[in-house]
Amino acid sequence: MNEAPVRLCASVYGRVQGVNFRYYTQREAGSRGLTGWVANCFDGSVEIVAEGEKQALHNFVTFLHRGPPSARVDRVLTNWKEATGEFDRFRVRYLY
């Protein structure tokens with residue numbers, strides 16, 4: 001029996017811009033069958049909205065705590081919600 005998809009909203013803080021964090025996040029999300037987006041924020045953090053199976057998202061959060069090799073993740077804030085199904089893939093989003 002398949003579980004209903006859920007939504008993860010996450011903010012990642014540390015040295016996470018200019019280190020290919022968005023690229024690696026998009027790659028990790030795609031390999032887990034997740035949809036949504038990742039974007040750099042004005043404050044130097046990275047914001048992620050992802051939807052998919054709960055276990056895949058929990059594994060994805062593990063990646064977010066680690067990040068790519070050149071990143072330094074200091075903190076990850078997560079918020080869980082009901083999925084909306086509005087995304088068809090996972091992409092890099094540009095907020096500015």
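Colleague: Which residue in β3 stands opposite Arg7?
Modeller: Keep in mind that this is a predicted model. Strand β1 covers residues 6-15 and strand β3 covers residues 46-52, and the two pair in the antiparallel sense over 7 bridges. Further along this pairing, Ser11 stands opposite Glu47. For Arg7, the residue opposite in β3 is Glu51.

Colleague: And what stands opposite Arg7 in β4?
Modeller: β1 is also joined to strand β4 (residues 72-82), running antiparallel, by 10 bridges. In that pairing, the residue opposite Arg7 is Lys81.

Colleague: How many of the 7 residues of β3 are buried?
Modeller: β3 has β1 as an antiparallel partner, and 6 bridges join it to strand β2 (residues 35-40), also antiparallel. The strand is mostly covered, and the number of buried residues is 6.

Colleague: Which residue in the turn between β2 and β3 has a positive phi?
Modeller: Those two strands form a hairpin with 5 residues between them. On the strands themselves, Asn40 stands opposite Val46 in β3. In the turn, phi is about 95° at Gly44.

Colleague: Where is the non-glycine Asn20, with its positive phi of about 65°?
Modeller: Asn20 counts as exposed, because its relative accessibility is 51% and the cut-off for exposed is over 50%. Its place is in the loop between β1 and α1.

Colleague: Which residues does Thr25 contact beyond its neighbours within four places in sequence?
Modeller: Thr25 lies in helix α1, residues 21-31. Its relative accessible area is 0%, so Thr25 is buried. Leaving those sequence neighbours aside, its contacts are Val38, Ile48, Phe60, Phe63, Leu64 and Phe90.

Colleague: What span does α2 reach from its first C-alpha to its last?
Modeller: α2 has 13 residues, and at 1.5 Å a residue you'd expect 18 Å. The model comes close to that, with a reach of 19 Å. Just after the helix, Gly67 takes a positive phi of about 75°.

Colleague: What arc do the buried residues of α2 cover around the axis?
Modeller: The buried ones in α2 are Ala56, Leu57, Phe60, Val61, Phe63 and Leu64. They sit on the same side of α2, because the arc they cover is only 160°.

Colleague: Which residues are exposed on the other side of α2?
Modeller: The buried residues of α2 pack against β1, α1, β3, β4 and β5. On the other side of the helix, the exposed ones are Gln55 and Arg66.

Colleague: How is the aromatic pair of Tyr23 and Tyr24 arranged, stacked or edge-to-face?
Modeller: A search of the whole structure turns up 4 aromatic pairs. In this one, the rings are 5.3 Å apart centre to centre, with 80° between the planes. Planes over 60 degrees apart count as edge-to-face, so the pair of Tyr23 and Tyr24 is edge-to-face.

Colleague: And what about the pair of Phe60 and Phe63, stacked or edge-to-face?
Modeller: Both are buried, and being 3 residues apart in helix α2 (residues 54-66), they are separated by about one helical turn. Their rings are 6.3 Å apart centre to centre with 25° between the planes. The cut-off for stacking is under 30 degrees, so Phe60 and Phe63 are stacked.

Colleague: Last one: over which ring does the charged end of Arg93 sit?
Modeller: There's another arginine placed over a ring, with the charged end of Arg75 at 4.1 Å from the ring centre of Tyr13. For Arg93, the charged end is 4.4 Å from the centre of the ring of Trp37.

Technical notes:
Residues numbered from 1 in each chain as written. Predicted model: local features only at pLDDT ≥ 70, side-chain atom pairs only at ≥ 80, totals over all residues. Heavy atoms only, no water. Phe/Tyr/Trp six-rings, centres within 6.5 Å; stacked < 30°, edge-to-face > 60°. Helix = DSSP H or I, 4+ residues; strand = E, 2+ residues; numbered from the N terminus. Buried < 20%, exposed > 50% of the residue type's maximum accessible area, 1.4 Å probe, protein only. Lys NZ or Arg CZ within 6 Å of the ring centre and 35° of its normal. Contact = heavy atoms within 4.5 Å. Pairing = 2+ DSSP bridges. Expected span 1.5 Å × (residues − 1). Arc of directions from axis to C-beta.
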